[in-house]
Amino acid sequence: MLPVNPERFLADLHALRAFGAAGVGKGVMRPAFSDADIAARGWLADRMTEAGLSVHVDPVGSVFGLADGQSLLLGSHSDSQPEGGWLDGALGVIAALEVARAAVEAGGPPVSVVSFQDEEGRFGVTTGSAVWSGHLPLETADGLRDRDGESFGAARARMPGRSGQFVDPARFSGFFEMHIEQGPVLDREKEAIGVVDAIVGIRDMKVTFEGEQNHAGTTPMQGRRDAFQALSKFNTVLAERFANVVTPRTVWTIGHVTLHPNASSIVPGRVTFSMQWRDGDTDRLDRMERIIRETAQEVAASGGFELSYGPLLGLEPVMMDDRLRGALEASAAAEVPERWRVMPSGALHDATNVSKMMPVAMLFVPSIGGISHAFGEDTEEADLVTGLRVLAGAVDALG
């Protein structure tokens, strides 16, 4: 197996955590294009150079460390949720860096590294890898805005060292992404490794109900066009209609809600909210979209609301490549026999976009308590090192 250095790997992982360290425990606040994110990517570029890789920052700010010639690509992302943990994405980037260093020290095989930009969706859905894969045109991405109204185009302009060219995907023979599970299964079952068989698909869009803003004390309940009540009714009816469509693995979330004018003595006249749903079956995702739109239309018509939608963003379910997945399974069986499993990913990852250009595979390590997208996210360091060794074993086997 490649001579990975666990101490060096863990030291770099903790060093990356210092960029945007916040909250309790090992919390991190490193949203895409924030000062902390830009500084972290500069630090990462230096580590890539020290490892003997050629640094390339693409037009959207994704940072590549390139080996010479044809190579395997390893990595993930280093941006975080607004309140996130130290491992989500960062683990895959630093594991990739350590495997690449070990490969250089051992004289091969060639390994390249990437940290994709805006995987966490400050502006879109896995924006950096979506643009690289061609799934999202750059001009469309530039028009996406975050919750404060800043555009992706304005944000990426702040990223130093950007090239005008994207890396040619033809230089890579495949992509491995190592990640925390972000769920409870491995931790609950006391298992060390999950080899992913498929990543679910996702749909995401904004919905707006426009009613009538008015005085909260003098406007009778009957006849109010209260935008929040429209949202409440929509949520209730939608859950009822989904009941006979979804499976236990299907999830949907009404997330970011903006209520206008958001004052205690005013009947709210407008509400905009995010509607996201995930499933492993494309037909079910499409059927859910039809139900969402039909339900929203009926709620709007029944209460006299104007209805509008933002753009529908999303990615299709993706199966992992048999050859790359097989290498991970063999490595897991050798490293932790009887303590690994094959499992789906309910979370979205950059591997979904990369699969449009090359074979991909993923492996998971446990998340303590299943916690992620929170300051309390953590994994035992022994499990992190086990994941590193399994990844290195798979890369070495593919040679």
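This is a predicted model: local features need pLDDT of at least 70, side-chain atom pairs count only at pLDDT 80 or more; totals for chains, interfaces and linings use all residues.
Visitor: How many salt bridges does the count come to?

Guide: Welcome! A pair is counted when a side-chain nitrogen of Lys or Arg lies within 4 Å of a carboxyl oxygen of Asp or Glu. By this rule the count comes to 21 salt bridges.

Visitor: Which residue forms a salt bridge with Asp12?

Guide: Start in helix H1 (residues 6–17), where Asp12 sits. The partner is in helix H3 (residues 90–106), 89 residues apart from Asp12. The closest N and O atoms of the pair are 2.7 Å apart, and the partner is Arg101.

Visitor: Is Arg101 buried or exposed?

Guide: Good one to check! Buried means under 20% relative accessible area. Asp12 has 11% and so is buried. Arg101 has a relative accessible area of 9%, so this residue too falls under the cut-off: buried.

Visitor: What is the distance between the closest N and O atoms of Glu191 and Arg341?

Guide: These two residues form a salt bridge. Glu191 lies in the loop between helix H7 (185–188) and strand E6 (193–199), and Arg341 lies in strand E15 (residues 340–345), so the pair ties together parts that are 150 residues apart in sequence. Glu191 is buried at 14%, whereas Arg341 is partly exposed at 27%. The closest N and O atoms of Glu191 and Arg341 are 2.4 Å apart.

Visitor: Which strand holds the salt-bridge partner of Arg270, Glu210?

Guide: The closest N and O atoms of Arg270 and Glu210 are 3.8 Å apart, and the two form a salt bridge. Arg270 is partly exposed, with a relative accessible area of 29%, and Glu210 is partly exposed with 29%. Arg270 belongs to strand E11 (residues 270–279), while Glu210, 60 residues apart, belongs to strand E7.

Visitor: Is H2 roughly parallel or roughly antiparallel to H3?

Guide: Two packed helices are described by the angle between their axes and the distance between the axes. Helix H2 (residues 35–50) packs with H3 at an angle of about 15°, their axes being 10 Å apart. Angles under 35 degrees count as roughly parallel, so H2 and H3 are roughly parallel.

Visitor: How many residues of the contact of H2 with H3 are nonpolar?

Guide: On the H2 side, Trp43, Leu44, Arg47 and Met48 take part, and they meet Val93, Ile94 and Leu97 in H3. Arg counts as charged, and the contact has 1 charged residue and no polar ones. The nonpolar residues number 6.

Notes:
Residues are numbered from 1 along each chain as its sequence is written. Side-chain values use heavy atoms; hydrogens and water are left out. Helices (H or I, at least four residues) and strands (E, at least two) are DSSP runs, numbered from the N terminus. Buried means under 20% relative accessible area, exposed over 50%, partly exposed in between (1.4 Å probe, protein chains only). Axes are lines fitted to C-alpha atoms, for helices over the stretch in contact, and angles run from 0 to 180 degrees between N-to-C directions. Angles under 35 degrees count as roughly parallel, over 145 as roughly antiparallel, 65 to 115 as roughly perpendicular and the rest as oblique. Contact means heavy atoms within 4.5 Å.
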